[in-house]
Amino acid sequence: MNGRHPGARPQNLSSLRVFASVRDRRKGFLVAGNAVFPCALGRSGIRTGKREGDGATPRTALPLRGVFYRADRLVRPRTLLPLRRIGARDAWCDDLNDRRYNRLIDRPPGEAEERLRRADHLYDIVVELGWNDRPVIRGRGSAIFWHLARPGFTPTAGCVAVEGHVFAKVLPRLARHCRIVVR
């Protein structure tokens with residue numbers, strides 16, 4: 001017996017774990033409670049010394065800041081995390097020379113490199129991970145997200161990516177102050 005009342009809801013998860021595969025450092029596993037899901041990692045694998053453009057997923061504990069989603073493609077996700085619809089002008093600033101580096105910005109379509117409203121489905125649902133944001137240090141890396149994976153779990157630019165069904169299963173179980181621990 002697990003000590004809980006029969007029929008009681010499981011507790012919300014306060015942390016998720018991510019670790020690299022021993023066969024391919026660009027792929028790994030996301031552990032949510034007792035469930036394990038395959039995931040894609042950065043093209044450089046997991047690294048401690050993260051910097052802009054290196055393609056590495058940072059080895060650290062990353063707080064989950066909030067969820068962005070495409071309301072024109074998905075129903076509103078169930079989550080305790082802050083939730084925001086992705087707008088046509090939403091972008092993430094990865095320009096080292098911009099004072100808004102590593103922040104959500106408002107840009108007309110076509111002007112930003114890290115546009116949140118994409119033609120493909122990778123950012124239909126995106127969890128912003130708290131990397132290099134309190135305080136922001138230019139060049140340390142920007143836009144570390146937990147988002148949807150490409151077919152075959154091809155590498156990301158440094159993010160963690162999973163299949164869509166994982167979000168449907170995991171997001172409702174996350175505590176408000178959950179974090180992903182990348183090891």
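A salt bridge here is a side-chain nitrogen of Lys or Arg within 4 Å of a carboxyl oxygen of Asp or Glu. By that criterion, 12 salt bridges are found in the whole structure. The model is a predicted one. Its largest nonpolar core has 30 residues, and a second, separate core has 10 residues. Strand E11 (residues 125–129) is largely enclosed by the rest of the structure.

**Salt bridges**

- Asp24 and Arg26 form a salt bridge, with 3.1 Å between the closest N and O atoms. Asp24 is buried because its relative accessible area is 19%, and the cut-off for buried is under 20%. Arg26, at 35%, is partly exposed.
- Asp98 meets Arg100 in a salt bridge through their side chains, at 2.9 Å from N to O. Asp98 counts as buried at 10% relative accessibility, whereas Arg100 counts as partly exposed at 26%.
- Arg47 forms a salt bridge with Asp54, and the closest N and O atoms are 3.9 Å apart. Asp54 has 8% relative accessibility and counts as buried; Arg47 has 31% and counts as partly exposed.
- Arg47 and Asp54 also belong to a network of salt bridges that includes Lys50.

**Nonpolar cores**

- In the core of 30 residues, those with the most contacts inside it are Leu16, Leu30, Leu64, Trp146, Leu171, Leu174 and Ile180.
- Strand E14 (residues 174–182) supplies the largest share of this core, with 4 residues.
- Leu64 has contacts beyond its neighbours within four places in sequence. Among them are Leu81, Val127, Leu129 and Trp146, as well as Leu174, Cys178 and Ile180. Leu64 also contacts Glu128 and Arg179.
- The separate core of 10 residues includes Phe68, Ile86, Tyr123 and Phe145.
- In soluble globular proteins, nonpolar side chains tend to be buried together.

- Strand E11 is largely enclosed because 5 of its 5 residues are buried.
- Ile125, Val127 and Leu129 point one way from E11, while Val126 and Glu128 point the other way. Residues in both sets are buried.
- In a regular strand, side chains alternate between the two faces of the sheet.
- Strand E6 (residues 61–69) runs antiparallel to E11 and is joined to it by 5 bridges. Within this pairing, Gly66 has Glu128 as its bridge partner in E11.
- Strand E12 (residues 145–148) pairs with E11 in the antiparallel sense over 3 bridges. Here the bridge partner of Val126 is His147 in E12.

**Three-stranded sheet**

- An open sheet of 3 strands has the order E9-E8-E10, with antiparallel pairing.
- Strands E9 (104–106) and E10 (114–115) each have a single partner strand and stand at the edges, so one side of each is left without a neighbour in the sheet.
- Strand E8 (residues 90–92) is joined to E9 by 3 bridges, and the two run antiparallel. Trp92 stands opposite Leu104 in E9.

**Nonpolar surface patch**

- Phe19, Phe29 and Val36 make a nonpolar surface patch of about 240 Å².
- Phe19 lies in strand E1 (residues 13–20). Its relative accessible area is 34%, so Phe19 is partly exposed. Patch residues need over 30% relative accessible area.

Definitions and conventions:
Residues numbered from 1 in each chain as written. Predicted model: local features only at pLDDT ≥ 70, side-chain atom pairs only at ≥ 80, totals over all residues. Heavy atoms only, no water. Patch = residues over 30% accessible without salt bridge, like charges linked within 9 Å, V, L, I, M, F, W, Y side chains within 5 Å. Areas by Shrake-Rupley, 256 points an atom, 1.4 Å probe, with all protein chains shown as cover. Buried < 20%, exposed > 50% of the residue type's maximum accessible area, 1.4 Å probe, protein only. Pairing = 2+ DSSP bridges. Core = buried A, V, L, I, M, F, W, Y, C linked by side-chain atoms within 4.5 Å. Contact = heavy atoms within 4.5 Å.
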